[in-house]
Amino acid sequence: MKPHVMGWDREAMDVKRVVDVFRVDPESVGNGTPVERFPDPELGTALIPAARYYSPEFMKLEWERVWTKVWLLGGRGDDLNEPGDYICTDIGKESVLIVRQADGSIRAFPNVCLHRGNRLRPEGRGNAESFQCMYHHWTYGLDGKLDHIPDLCTFHQGGPPGMTLTALPCVEWNSFVWFSLDPNVEPFEDFIDPLKRHLEPYHPERMAWKRDVTVEWDCNWKASVDAFSETYHVQGIHPQLKWYLDDVNVQIDCFGKHNRYLIPFAAVSPRVAMPSQIPPAIQEIMVHAGMDPAEYEGRVSDIRRDVQLFKREHGAAQGKDYSELNDEQLTDDYHYTIFPNVSVNVHSDDIMLFRQRPHATDPNKMYYDIWMFELVPEGEEWPERVRHQTFKHGDKSIGQVLDQDAFNLPTVQTGMKSDFYPGLWIGDQELRIRHFHKVLDDYIYADGKQPTDL
Amino acid sequence: MDLGLSGKKAILIGAARGIGYSVAEVLAREGCDIALTARSEDSVKDAVANLSKYGTKVVGKAVNAKQADDYKAWISWAIEALDGVDILVPFTSAGGGMGSEKYWYNAFETDVMAVVRAVEGVIETMTEQQRGSIVLLGTTSVSEAMGGPQPYNAMKASLITWAKQLALWHGKNGIRVNVVSPGPIEFEGGNWDMIKGTMEKFYASQLRQQPMGRLGRPEEVAKAIAFLASDAASWCNGSHLVVDGGFTNRTQF
Ligand code: FES
Ligand SMILES: [Fe+2]
């Protein structure tokens, strides 16, 4: 048991206590999620220019050099159980159909009719035997091949080349489906590296949809990615979480295109005095694990470890197989950013994933997808698929914590446009933000292109 | 007004933090020798170290009030260490909690039995001395609803009844027994500190019900306890003093 070096002086921070949290020994995790701290990349201390959050030029560059070049999260494999099941998902001005084939594989193609450009399907999910365009009934097979053009003889040039929609790369990994708008995209294995080893031990395929919501937010998509990349704002906008998690003893790791942080949950922040009574939110964690907080005789500071030990001992009897997870993972928040737009909190019993999509035309708007999944204990019935809901920011609550996150994003977006705001002034606790923008820059300014070449 | 506390010997249980610690501080400042305990060894050590600056004898040892034998042994140890006992104030409490039946047992053990055992542990010495002052802690939640129907509220109520009968029973031996019922008290690491951080709206609604627009501070209760514990309160026996800044709505007839 040795505390990780966080890279900052915990004593000099605005804290009431210096707390050493239990961390598992990196040697002990075997093939599981690596826990060792990766060396921090040299990312400097420069400003991150604000213009990238609102400039249409930058938005265009992102489209040309990022969104159309990377792998993108499309949906869940269990929404594609039967042949003909499809997911239709929009990204910017594009829309993509991901379809389960008769042979069990998946294929993806642009959701656009080759005749006069009509969309084949609205965004959402469904099952089809074929995709027939509503306009003139051009009909495509599940494989994207044009099976029928009414009155084909009246097209003297014949049908479009190859009589098929463009095949887009797509893969299924860890219960999720991924696609790319770039037919020449790098292999998914290379793109996702090294996260397979990190995320597969969670077995998301054992988890069922719990929540599927899309909210339109009045901010650039990157403002949202930023907001989920640091715990520095807990003391600002989530005061109640100080009696739920440790926002100071946070391990940050950056690797390749992606990054993560590990937050101790079921813990009390060093920013507040240790209470003698168990905080209500931590009681909930205990109850969820199957413990009775009233029976608990230990100290509040021991709860995190005791929940881990309890789950390790009783998980199997509850139909929950934690065998591939380390003890920390039984309580803590391992939070990954999968470049460019997936922020995912993985937990032993659930996954809370945010997909942040740009608006098609307006850099000041974005789509925030909340996807939550919950472990279905062995022997229990797989619950019915939740309905997808869409609304605008402020129309409905998305839960206390996320409401707090959402609350100041519109004012961040407007504030950043000020002539007196040159850019983001980033601290060490926000290292992931710096890393994310560095990866973004590597895409935008690849091949010797420069910011001045905008 | 001289409280006559100088040289008195006080046993304080659950006194490493909050109101308990504040009472220790007031009494030490007034010249009392003190034996104190709490559950956590570290916090007992800290409390003893911090209180030593007042120049009286301060001793402490951690004990779990639910372990009856250890706990009784601790009380004997404290009486011995102080060479007598003039004042007893037990603060033990399991706190709030609702839902699990276990909360009843917790409250019974910690709020009631730990107090009963403390009183029984000192009464013989006080009787021999023909002198002693015991202050028990109630709560405003015994008389006005707070936080739902909780074992804490009901168990605390039983202490108030019991305290009055103790006062009648032991008065002839020069032992006074009184109760102080604090309203919401805020201090770092206390419940209301956590409620302020986690349930902002509820906290604000409580503030609005406070005639003085704030919650109480531990030392504001501690001074009332110190008064009842002292000879200055020689004619207060079997009384119940509500110290809540006027928070409860009812008239304290
Ligand atoms: S646009 Fe699709 S059939 Fe004409
Ligand atoms: Fe947040």
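**Aromatic contacts and domain packing**

Lys172(B) lies over the face of Trp169(B), at 5.6 Å from the ring centre; a charge sits over a ring if NZ of Lys or CZ of Arg is within 6 Å of the ring centre and within 35 degrees of the ring normal. The model is predicted, so local features need pLDDT of at least 70 and side-chain atom pairs count only at pLDDT 80 or more, while totals for chains, interfaces and linings use all residues. Residues are numbered from 1 along each chain as its sequence is written, chains are lettered from A in the order in which they are written, and side-chain values use heavy atoms, with hydrogens and water left out.

**Charge over a ring in chain A**

- Phe176(A) has the charged end of Arg76(A) over its ring, 5.5 Å from the centre.

**Aromatic pairs**

- Over all chains, the structure holds 23 aromatic pairs (rings of Phe, Tyr and Trp, the last by its six-membered ring, with centres within 6.5 Å; planes under 30 degrees apart count as stacked, over 60 as edge-to-face and the rest as tilted).
- One of them joins Trp173(A) and Trp178(A), a tilted pair with 6.2 Å centre to centre and 45 degrees between the planes.
- Both Trp173(A) and Trp178(A) are buried (under 20% relative accessible area, with exposed over 50% and partly exposed in between, for a 1.4 Å probe and protein chains only).
- Phe339(A) and Phe436(A) also form a tilted pair, at 6.0 Å centre to centre and 55 degrees between the planes.
- This pair links distant parts of the chain, 97 residues apart: Phe339(A) is in the loop between β15 (333–338) and β16 (342–346) of chain A, and Phe436(A) is in helix α10 (residues 431–444) of chain A. Helices (H or I, at least four residues) and strands (E, at least two) are DSSP runs, numbered from the N terminus.
- Phe339(A) counts as buried because its relative accessibility is 1%, and Phe436(A) is buried with a relative accessible area of 2%.
- Phe339(A) and Phe436(A) belong to one aromatic cluster with Trp67(A), Trp221(A) and Tyr443(A).

**Domains of chain A**

- Chain A is divided into domain 1 (26–53 + 202–453) and domain 2 (72–184), with bounds from an automatic or database domain assignment.
- The centres of domain 1 and domain 2 of chain A, taken over C-alpha atoms, are separated by 33 Å.
- In contact (heavy atoms within 4.5 Å) are 20 residues of domain 1 of chain A and 18 residues of domain 2 of chain A.
- Between them, the two domains of chain A bury about 1400 Å², 59% of it on carbon and sulfur atoms; buried area is the accessible area (1.4 Å probe) that two parts lose on being put together, summed over both.

**Salt bridges**

- Two salt bridges are counted between domain 1 and domain 2 of chain A (a side-chain nitrogen of Lys or Arg within 4 Å of a carboxyl oxygen of Asp or Glu).
- Glu123(A) and Arg357(A) form a salt bridge, their closest N and O atoms being 3.0 Å apart.
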